[in-house]
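User: Hi! I am new to reading protein models, and I would like to learn how labels get attached to residues. Could you walk me through some with this one?

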Amino acid sequence: MDQVGTDADLSTLERAVVNAFQGGFPVTERPWEPAAAALSERGVDVDADELLATVRDLDERGVLSRFGALVNAEEIGGTATLVAMHAPEERYEEVAETVNGFREVAHNYEREHPHLNMWFVVSVASEDEVERVLADIEDATGQETYNLPKREEFHVGAKFLLDGPVSDGDLDLSHLGPEVDPSENRGITARERDLVVEVQGGLPITETPYADVAEAIDQPVEWVIETIKRFNEEGKVRRVGVIPNHYALGYSENGMTVWDVPDELLSEVGPAVASLGFVTHCYHRPRHEGVWPYNFFAMTHGRDEAESQRRIEQVREVMTDFWDVDDDEWDSLFSTRILKKTGIRLDERADAQVRSEDAEPTDA
């Protein structure tokens, strides 16, 4: 993983918490005790109460986006797709406002590109709805949309590590808690739906976060703990822990690098690029003839333009291990503005996937 400093005013303990708990936080009824003990074993003297107070303070100051379970929306159900659009300069604000007005649009960014200068994510309960939503957006804006659904995911979720204790971010306590058996069920039950909706914005930062969730949805705490732990093993939850606000840690440069990778090399290039610690997302997506020649996306983050350029060059160096990359076979699109950023609407997506508690397992 990439190891960097930060301009954020963080103490040694706060840096340790950010490094240690970006995944692998205990899913037990009283998780702060084993988490504090593990940090103490790594040379960071802290007790459960102080650890809890530190995470709460980081959250209140905006250093964290949230604390809790990072739900994998795709595994819960429904679909999301990346969409590119050209918005004329003289109508840009009007088009952005119209696009943002669609509740299915979760994120929208202005990016540096001579033509495709607006990039947004559409999240819907069923793949069949994507075409309808895009048609409605085209009718409302008068602009053509270019759908870029994920064909293959090579990596999601690099850690943002800081100078300080646990600098490798390798403290994993996910083995703690009850033994669970992963399920092959693709859908979720009604009470699992309630759990997903309750935790999607984060866990309560209290002494007993899972018990508080259980009380909120009127379920036994044992069931909540077992289900979150099982979801973590099944991939319905990507990780449990602190979710940093990377902007607060100084990562202001958001560079989307795109590449025209020979199709026969995708299966080799994908894992190689995904192994770079600073690459947070890595996908195969379709081309659009005459408009968009790139089929491979790798997202990088840096604290300034120079750092971002160094990281992009490292991606290029990996690419050149596989073929001679011409200048017209790649590009980097930096975000210049966040136009909209809301959470994926998991409630509607989960509603569409609810199955009976006693339904037979289905193929994943």
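Analyst: Happy to! Buried means under 20% relative accessible area, exposed means over 50%, and partly exposed lies in between, using a 1.4 Å probe and protein chains only. This is a predicted model, where local features need pLDDT of at least 70, side-chain atom pairs count only at pLDDT 80 or more, and totals for chains, interfaces and linings use all residues. Residues are numbered from 1 along each chain as its sequence is written, and side-chain values use heavy atoms, with hydrogens and water left out.

User: Why is F25 called buried?

Analyst: F25 has a relative accessible area of 2%; the cut-off is under 20%, so F25 is buried. F21, at 1%, is buried as well.

User: What makes F21 and F25 an edge-to-face pair?

Analyst: Rings of Phe, Tyr and Trp (its six-membered ring) pair if their centres lie within 6.5 Å; planes under 30 degrees apart count as stacked, over 60 as edge-to-face and the rest as tilted. F21 and F25 are 5.4 Å apart centre to centre with 80° between the planes, so they are an edge-to-face pair. F21, F25, W32 and F67 form one aromatic cluster.

User: Why is the pair of W292 and F297 called tilted?

Analyst: Their ring centres are 6.0 Å apart and their planes are at 40°, so the pair is tilted. W292 is buried at 1%, and F297 is buried at 3%.

User: How do you know that R285 lies over the face of F297?

Analyst: A charge sits over a ring if NZ of Lys or CZ of Arg is within 6 Å of the ring centre and within 35 degrees of the ring normal. R285 lies over the face of F297 at 5.5 Å from the ring centre.
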